[in-house]
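Me: Please show me the structure, and then let us go through some of its side chains.

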Amino acid sequence: MKALYQHLLSEGKIVHSGRGGEPVSGEPLSKKSVQNVHICLRAALNDAVEDGLLRSNPAVGAFSYSKTKDRQEMLTWSVEELQAFLAFTAGDREHILYRTALATGMRRGELLGLRRRDLDLLTGRLRVRQQWTRNGDGGLRFLPLKTGIRAWRNVDLDELTVGALEVHLQAQEFERRSWGSAYRTDLDLVFAQTDGRPNDPDVVRRRFERRARDAGILPIRFHDLRHTHATLLLEAGQSIKYVAERLGDREDTVLETYGHVTSRMRSSGVAQVARFLNGPPQVVRDPPVTPRAESGGLGSD
């Protein structure tokens, strides 16, 4: 069993070649994914033990996972790295996808499931309602959001991202007119392939990671764009509540995930304390002088 889990950790995720191609290689599965496999196998083998088919369960003790200890390290970009990456990918077809990810904190599946009718560029807002993601053995599907209907949200956009989306949609409209009868199903997707078909999330991830390496900055995962968005907002002084609303998460989840104090937040806090303690000196005024009564009394001149 341990050998199986090691194989899954090293190359358990099957990668297909191109459009409907054969599996060509495997990529590592996360420890959390292997833990899910372990739970299913352990339960099935427990049934076999209860039915007398096995004397003991070989899965017991074969794998361990701790959400706290085994959590993958979170890497985020600074403002300077973010701007350098956007400048480097300015000519890429996926540039607007990367920009929207950084501007909204949306998950990869949410971005790939975003429809043109979900955009309201006149008011500078988009609606997050579905995701395009893998559904186990069922392949890629449009599915509800990761945390259900409570993750539905409206996300405000900055003016430059609105402008970039408008240019992207104009270019996409030209592509739509060229489809003809070759592709009859228009899924209304904002971030689609040139023929309108949905993007493969794994292809998007690998292409992003390659471009991040090519840019010569800190290589991060696609999901770390979401972490970057949240971290920069928190460093800028935005509230946990506001960040949770943009991400579609609970406040306690945001606090648990991003509650670490970054160096910038620490420096900002120290600077604020210094201003409290060492601000402009207060002007100390002398107490008012009470006029003294003049000497003399009755009978004086």
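This is a predicted model: local features need pLDDT of at least 70, side-chain atom pairs count only at pLDDT 80 or more; totals for chains, interfaces and linings use all residues.

Reply: Residues are numbered from 1 along each chain as its sequence is written, and side-chain values use heavy atoms, with hydrogens and water left out.

Me: How many aromatic pairs are there?
Reply: Rings of Phe, Tyr and Trp (its six-membered ring) pair if their centres lie within 6.5 Å; planes under 30 degrees apart count as stacked, over 60 as edge-to-face and the rest as tilted. By this rule the count is seven.

Me: How many residues apart in sequence are the parts tied together by tryptophan 77 and phenylalanine 208?
Reply: The two rings form a tilted pair, 6.0 Å centre to centre with 50° between the planes. Tryptophan 77 lies in the loop between α2 (31-50) and α3 (79-88) and phenylalanine 208 in helix α7 (residues 201-214), so the parts tied together are apart in sequence by 131 residues.

Me: Is phenylalanine 85 buried or exposed?
Reply: Buried means under 20% relative accessible area, exposed over 50%, and partly exposed in between (1.4 Å probe, protein chains only). Phenylalanine 85 has a relative accessible area of 0%, so phenylalanine 85 is buried.

Me: Which backbone oxygen lies 2.8 Å from a polar atom of the side chain of threonine 231?
Reply: Threonine 231 is placed in helix α8 (residues 224-235). At 6% relative accessibility threonine 231 counts as buried. The backbone oxygen at 2.8 Å from its side-chain polar atom belongs to histidine 227.

Note on methods:
Helices (H or I, at least four residues) and strands (E, at least two) are DSSP runs, numbered from the N terminus. A polar contact is a pair of N or O atoms within 3.5 Å; within protein, one must be able to donate a hydrogen and the other to accept it, and residues adjacent in sequence count only if both atoms are side-chain atoms.
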